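Please study the model shown below.

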Amino acid sequence: MKTESINLLASSQKQMNGCIEVPGDKSISHRAIIISSIAKGETQIDHYLNSTDVHASIRACRAIGARIEQNDDSLVINGNDRSRSSGKDIELNFGNSGTSMRLMMGVLSAQNFSSVLEGDSSLNQRPMNRVSQPLIKMNADIITTDDTPPVHIAPVKKIKNVNHSEDVASAQIKSSILLAGLYGDDTFTIKTPPSRDHTEIMLGEFGCKISKDLESITMTPSELLSPGQIDVPGDISSAAFFIVGAILSKDGQVTINNVGLNPLRTGFIKILIMMGANIVITENRKINGELVGNLTAKSSKLYGVDVPKHLIASSIDELPLIVLAGSQADGKTSVRNAEELRVKESDRISSMIKMMQAFGISVDEYDDGMNIYGGTITGSTINSFGDHRIAMTALLASLVSDGDVLVQDCKNIDTSFPSFIKVANNIGMDIKEHA
Ligand code: S3P
């Protein structure tokens, strides 16, 4: 079923059971495509995420001269070997994809042609100076429009690598700097709080000299040599919906195989276990430098917790699900230090507050998060604010609601998880298009 319809109706269901795989990781797919596109040689990328966000990276990389053969489940990319010339100035539309735009800002700011970067109405409101400012210190010539897209990037003679210190725990900011730094000459260091390290891992797979400890990354620019083939693990952020679904539903049990388990992405699992969740991880292995494994989640009795600050960055995309889990826990769950949620595909603090209130759950709102008090979810109509993760979280609430849940504006589920409805319905949900 396509998610082109704006509204989806999830009937009140009490069970989720099954063994599944989820589509390829979105963050890793972007990096595999972008880094293969500026590397030397041919790379086959298997199990990439074939979604509209990832298509934005494919379009951008074709525009800078990479040759990309696109199949349903694999890509074959012939990179441009860090060539700085596309033969023309380019205009790119990144749709809803903040990751694609921000990572490509790093690459595009090192070129000898100009580019203009725009997005859809959500992306066009998201902050870009956090990325352009460090790049400008590296010699890049970038102008944003009041901190937002369109972003105008002019040709540059040469990127200059300098050390950076960054306060925001953002993988997109550091990745953009690292990608620009590939076009400079000198070794440089970025000091930054920990965030997902897929760029560092992928650059290592392409032979780049990169080392890191908890709070800093040091890179020496070098030629990037294709490793030949990359396997993208299942997206833990997509798996998260079914992990929480199994935990919340009565007699639920879901196993997810071949899913990415990078420790900088699995903070939500630690939070759920703190809340009392029954989650077991088996058969860990490393594929292309990334930890991959199988995971089983079962129905569990949950208790409210104060989410620790150090787990916020590694659970940032799953915090809406922690809020939903909190609504089904005994007592109060507190999610604070999460102001970054305000600048995601929607203001996710505001979106989740409105969702919980529509469901009849008590909440307190703060600038940097919220408290959620366990209660009963009443079947209701929810606005997803065009945000894929908010839409899927609201649909999942039908597993615990006392009536059907109608979710408006669901098209953007296609940005990260086009097969969500099919997978969810196969393991016990009942989601249909609704007028
Ligand atoms: C992402 C980084 C995170 C995350 C986003 C994907 C990435 O954003 O929320 O969905 O792939 O680098 P920030 O870098 O802004 O934290």
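**Aromatic contacts**

A: Phe 417 is buried, with a relative accessible area of 0%; buried means under 20% relative accessible area, computed with a 1.4 Å probe on protein chains only. This is a predicted model, in which local features need pLDDT of at least 70 and side-chain atom pairs count only at pLDDT 80 or more, while totals for chains, interfaces and linings use all residues. Residues are numbered from 1 along each chain as its sequence is written, and side-chain values use heavy atoms, leaving out hydrogens and water.

Q: How is a pair of aromatic rings described?

A: The distance of the centres and the angle of the planes describe such a pair. Rings of Phe, Tyr and Trp (its six-membered ring) pair if their centres lie within 6.5 Å; planes under 30 degrees apart count as stacked, over 60 as edge-to-face and the rest as tilted.

Q: How many aromatic pairs does the structure hold?

A: The structure holds four aromatic pairs. One of them, Phe 242 with Phe 420, is stacked, at 5.8 Å centre to centre and 20° between the planes. Phe 242 belongs to helix α7 (residues 236-248) and Phe 420 to helix α12 (residues 420-426), so the pair ties together parts 178 residues apart in sequence. Helices here are DSSP runs (H or I, at least four residues), numbered from the N terminus.

Q: Which geometry do Phe 417 and Phe 420 adopt?

A: Their pair is edge-to-face because the planes stand at 70°, with the centres 5.5 Å apart. Phe 420 is buried, at 0% relative accessible area.

Q: Which residues form one aromatic cluster?

A: Phe 241, Phe 242, Phe 417 and Phe 420 do.

Note on methods
Helices (H or I, at least four residues) and strands (E, at least two) are DSSP runs, numbered from the N terminus. Buried means under 20% relative accessible area, exposed over 50%, partly exposed in between (1.4 Å probe, protein chains only).
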